[in-house]
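Colleague: Before we discuss any terms, could you put the model up for us to look at?

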Amino acid sequence: MTEYETILVDQRGRVGWITLNRPQALNALNSRVAEEVTAAAVAFDADAGIGAIVVTGSEKAFAAGADIKEMEGMTSADMIGTDHFGAWRDFAAVRTPVIAAVSGYALGGGCELAMMCDIILAGDNAVFGQPEINLGVIPGMGGTQRLIRAVGYYKAAELVLSGRLVKAEEAERIGLVSRVVPASDLLAETTKLADTIASKSLPSVYAAKATLDAAMETPLTEGLEVERAQFAALFDTADQKEGMAAFREKREPDFVHR
Ligand code: CAA
């Protein structure tokens, strides 16, 4: 497996795990982290033996944001010229479902990284927010756009404009988090969920994610067309025949992921 400097990567069954590993900086997301997380996710995405990806951090911090020390001296031209957060586009585009397992701080770019994932599981010690306004900037890794889609305009506007942080319970209530679990159970619950998703037929999982993603981008009629086409396409897979035969024969399906 590739050697990484800022992340730990391992495969557990059919699940690819990416653990942010810059404890001295509370997993602040510098350019190296962006490149490595994206490279690891893209490699897992190309592997038919992987049915789900998990991104997690430490107990204290999922990620405390983009690396402020790396950005401090940059000019506008540097930001644009280097496409500073550009690597994350490829991360957000993977076909495989990604679960963010969030313990501790998910601030700024950390919150935005979690929102690039499909499911956010949070420990009850998690803290989310977009505090960029306190630094004289605004969210730059998708925060304004994805937060509105998650929680609606008025909640998003309050959080982005004030920089107020929200604890796990409020994050779940406003729809930013899929589920909150006791912090001590976070990794076990994440493993259970990731294994469940990875046990499903891969073509149907890809189709489900692509169709859910389309809902973020399209008007209803167009989104329903995407769903219709994706649904129909699955009827050429071996797993659709197996899944429906297994139902009729009252047994568990044995998916071959084709
Ligand atoms: N960038 C760079 N370094 C960071 C960092 C960040 N986002 N967050 C924390 N660190 C570093 C600290 O500088 C400190 O390093 P030193 O020991 O060398 O000083 C180390 O991590 C530990 O942090 P603290 O001592 O501050 O830890 P704490 O427990 O007292 O506070 C915290 C924790 C409240 C999360 C605090 O670290 C903090 O406020 N961090 C910044 C949060 C933030 O503003 N995030 C947004 C960043 S901008 C952004 O993300 C732009 C975007 O949209 C993409």
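Modeller: Helix 2 (68-71), strand 6 (105-107) and helix 5 (109-116) each supply at least two residues of the shell around the ligand, and helix 2 gives the most, with 3 residues; helices (H or I, at least four residues) and strands (E, at least two) are DSSP runs, numbered from the N terminus. This is a predicted model, in which local features need pLDDT of at least 70, side-chain atom pairs count only at pLDDT 80 or more, and totals for chains, interfaces and linings use all residues. Residues are numbered from 1 along each chain as its sequence is written, and side-chain values use heavy atoms, with hydrogens and water left out.

Colleague: How many residues surround the ligand, and which are the closest?

Modeller: A residue is near a molecule if one of its heavy atoms lies within 4 Å of it, and 24 residues surround the ligand, the closest being K60, G109, E112, E132 and G140.

Colleague: Why are helix 6 and helix 7 called oblique to each other?

Modeller: Helix 6 (residues 143-151) and helix 7 (residues 153-162) pack at about 135 degrees, where angles run from 0 to 180 degrees between N-to-C directions of lines fitted to C-alpha atoms, for helices over the stretch in contact. Angles under 35 degrees count as roughly parallel, over 145 as roughly antiparallel, 65 to 115 as roughly perpendicular and the rest as oblique, and therefore these two helices are oblique.
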